[in-house]
Amino acid sequence: MKHPLVLVLAAVVLLPLVVRPAIATEIWIFAIFGLGLNLLLGYTGLLSFGQATFFGSAAYVAGYLLKHYGIGVFSALGVGIGVGALSALLVGYLCVQRSGLYFIMLTFALNQLFYFIAYQWTSVTGGEDGMPGIPRPPILAIDFRSPVAYYVLVSALFLLSLWVMKRVVESPLGRILQAIRENEVRAEAVGYNAPRFKLLAFVIGGAFSGFAGVLYAMLFGIVPLESIGFVFSGNVVFATLIGGSGSLYGPIIGSVVFIWLSESMSVVWARWPLLLGVAFVIVVLFLRGGVVEAFSRIWRFSKRTT
Amino acid sequence: MTLLLGQILNGIATGMLYALMGLGLSLITGVLNIPNFAHGALFAIGAYFLVSVVGLLGNFWLGLMVAPLGVALLGLAIEWAGVRRLYSAGHDYQLLFTFGLALILNELIIVIWGPVGISHLPPALLRGGMDLGFTFYPKYRLFVMLMAGLLVVATWLFLEKTRYGAIMRAGIENKEMVSLLGIDIHRLFTAAFALGAYLAGIAGALTAPIRGLSPGMGVDMLGIAFVVVALGGLGNLLGAIAAGLLIGIAQAVVAAYWTEASTAVIFAVMAAVLLVRPQGLFGIR
């Protein structure tokens with residue numbers, strides 16, 4: 001099982017040679033976001049359609065403190081983790097008591113609650129215009145304003161996040177979550193309090209989302225309103241699914257594909273969400289199982305024709 | 001006091017529209033067991049169809065008849081071409097499919113009707129207001145209350161008093177049993193999707209003269225429809241009405257005193273109710 005890690009390391013080194021550093025940075029930030037979602041989606045079997053709630057809340061709070069109180073990078077990231085976890089605790093508390101379709105709809109509806117607060121509280125969040133002017137403070141006299149320096153920081157933090165998540169899913173906690181995914185009734189019967197463990201998964205996932213949100217705000221120097229919107233929640237679900245939610249590395253592959261595609265499509269056509277929608281539909285109808293599955297199908301097909 | 005009463009009336013009118021949305025979503029979600037993230041888009045399409053039909057034929061009543069039927073046809077096509085192939089897939093893929101559809105429909109609205117909001121006048125017969133004794137109230141909103149009420153009653157009669165309605169309710173309760181009894185479950189699914197789409201379409205058409213149209217109207221309504229279903233329960237008609245009226249009135253009353261919070265309050269009310277009653281208003285399923 002050493003191979004995937006080697007591949008990830010190679011990708012971290014090679015990616016900025018292929019795409020602009022800003023996009024490469026965004027890819028790893030999105031991958032951290034995806035790692036958090038996948039703890040819920042892949043490991044616990046909870047389809048949360050409201051991950052932007054935690055991502056955006058953390059970005060706004062940490063962004064506000066960075067902008068107005070001049071806190072440092074690590075304090076901002078700490079605040080982001082805290083806000084992400086706390087907002088996930090609040091949302092999760094209401095959601096884990098319901099299951100199936102209700103659960104999905106509740107995560108979306110509560111996402112809307114946070115979105116409309118951010119949308120209307122213009123004096124703090126800037127409403128539709130977003131919250132601009134987020135600085136990227138230096139750490140120990142190292143200037144992170146250069147895109148390459150920030151890329152190095154973010155990719156290091158991404159590798160740290162991956163290591164932490166690997167530890168989480170391989171811990172007894174990770175096993176319990178998978179047991180709940182496989183058979184909730186049985187997990188309860190063995191003595192595990194399923195709602196409490198689901199809530200814990202929510203909080204950990206929220207912390208990862210918040211962490212990613214703060215990095216995102218510092219990357220673009222702004223907290224856009226979209227960062228707390230449902231499209232963001234949908235994007236991370238899509239990225240995770242195309243990468244394959246079955247493995248730890250799925251969301252990473254998904255983020256590379258998704259961010260690279262969306263960044264190259266959005267400059268071509270202002271109506272690119274239309275293409276995104278078409279892509280969702282095509283993937284679901286014809287390419288279920290994700291990119292890996294798609295490649296193996298193409299592989300089989302080309303072998304058959306030659 | 002007059003202001004408050006007027007706002008409560010407004011809340012009843014929008015609340016009935018919310019109930020229609022929740023009812024349609026509840027049929028689709030309950031019978032087909034899929035999360036329908038395109039429900040808001042169907043609502044928006046209903047409103048835009050109305051404007052186009054009225055523009056083409058110059059008659060509001062024809063528009064109100066034709067536009068929702070167009071949405072029902074669209075629903076039929078969506079179920080037949082896509083949703084049908086996903087019954088055995090997980091909720092995650094069903095969600096992505098309907099979410100992708102919502103994105104497509106939303107972008108098509110922008111491409112066809114433009115990104116800027118459109119206002120639409122009620123028909124001449126329903127313009128102006130009516131003196132209700134305690135307040136002067138717009139006729140069109142009274143009409144919306146009446147219409148939405150009639151639609152809810154018609155849906156209730158259909159579900160409770162007809163054979164097909166009974167099959168549909170049975171489909172919500174236990175799909176396997178229904179198909180074991182020799183009923184074509186796929187036709188039932190198609191019919192439920194079309195009926196749900198019809199209700200979303202007519203709610204959209206009725207909304208157009210009240211709030212005007214904008215490409216974002218679908219998404220806003222999607223969240224509200226989810227709230228109605230989460231509070232009212234799947235396939236629960238009374239639940240949908242109670243939840244729709246609750247959030248409609250709460251929104252209208254808050255709007256009178258604190259306009260900025262009027263949308264957020266819908267979701268805050270839901271959170272508050274779920275805090276006290278995690279199983280929703282009536283706690284069914």
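Start where the two chains meet: the contact takes 35 residues from chain A and 37 residues from chain B, with two residues in contact if their C-beta atoms, placed from the backbone, lie within 7 Å. This is a predicted model, where local features need pLDDT of at least 70, side-chain atom pairs count only at pLDDT 80 or more, and totals for chains, interfaces and linings use all residues. Residues are numbered from 1 along each chain as its sequence is written, while chains are lettered from A and ligands numbered from 1 in the order in which they are written.

On the chain A side, select H5(A), residues 100-120; H5(A) gives the most here, with 13 residues. Helices are DSSP runs (H or I, at least four residues), numbered from the N terminus. H11(A) (230-243) and H13(A) (272-286) also give two or more residues each.

Now stay on H13(A). What covers the buried residues of H13(A)? Look for H11(A), H12(A) (250-268) and H4(B) (91-113), which are included in the cover.

Last stop, chain B: pick H3(B) (60-81) and H8(B) (185-211), which pack at about 145 degrees with axes 7 Å apart. Axes are lines fitted to C-alpha atoms, for helices over the stretch in contact, and angles run from 0 to 180 degrees between N-to-C directions. Among the residues making this contact are Gly63(B) of H3(B) and Phe189(B) of H8(B).
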